[in-house]
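Subject: Structure handover

Hello,

I am passing on the structure we spoke about, with some notes below. Please look through it before reading on.

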Amino acid sequence: MSWLSTICLEKTIVIPLVTIDNFQSKPVLTAQAKLNLIGITPIIIGNGSNVIKQYPAKNTKTSINSKVFLLTNSTNITMPDITGYSSKDAITLCDLMGLKYELNGYGYVESTSIAPGTVINPNDKIIINLK
């Protein structure tokens, strides 16, 4: 395990880094269990049984505080609640899902034009309002 140090005026905060395995073509439950063992709660997209895409890619080092997205082989992908996500995480999720997007503002997600739980269609476009 690697470590990332961040110096904050009077304190040094040490955040452990982990290497992400290859979860593509693996059962979702197996991927979820392995990530939970290293302290990461993955964001599962869809209700399929196998992972078809992931972010970050295999062999990427990331902090245990980072988001890990697992896209499943589900035929119906629903919009997760991305309120509070950074613009980078929101863009990553949209790219992984193949969802067109438009960003308004800067910062973190305040609201979206597609409600959480809505089934995503191939031609949908989401408007993401940041604050």
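Where is the place of serine 86? Serine 86 sits in the loop between β6 (69–72) and α2 (87–97). Please keep in mind that this is a predicted model.

Serine 86 has a relative accessibility of 19%, and it therefore counts as buried, since the cut-off for buried is under 20%. The side chain of serine 86 reaches the backbone nitrogen of aspartate 89, at 3.0 Å.

Which residues is serine 86 in contact with, leaving aside its neighbours within four places in sequence? These are Gly107 and Tyr108. For glycine 107, the C-alpha to C-alpha distance to serine 86 is 6.2 Å, while 21 residues separate the two in sequence.

The other item is a sheet. Three strands make up this open sheet, and their order is β7-β9-β8, with mixed pairing. Its edge strands, β7 (100–104) and β8 (109–112), each pair on one side only. On average, neighbouring strands in the sheet are turned by 30° against each other, direction ignored.

How many bridges join β7 to β9? There are 5 bridges, and the two strands run parallel, with β9 covering residues 125–130. To find this pairing in the viewer, go to tyrosine 101, which stands opposite isoleucine 126 in β9.

In short, the notes cover serine 86, which is buried and in contact with Gly107 and Tyr108, and the open sheet in the order β7-β9-β8.

Regards

Terms used: Residues are numbered from 1 along each chain as its sequence is written. This is a predicted model: local features need pLDDT of at least 70, side-chain atom pairs count only at pLDDT 80 or more; totals for chains, interfaces and linings use all residues. Side-chain values use heavy atoms; hydrogens and water are left out. Two strands pair if DSSP finds at least two bridges between them. Helices (H or I, at least four residues) and strands (E, at least two) are DSSP runs, numbered from the N terminus. Axes are lines fitted to C-alpha atoms, for helices over the stretch in contact, and angles run from 0 to 180 degrees between N-to-C directions. Buried means under 20% relative accessible area, exposed over 50%, partly exposed in between (1.4 Å probe, protein chains only). Contact means heavy atoms within 4.5 Å. A polar contact is a pair of N or O atoms within 3.5 Å; within protein, one must be able to donate a hydrogen and the other to accept it, and residues adjacent in sequence count only if both atoms are side-chain atoms.
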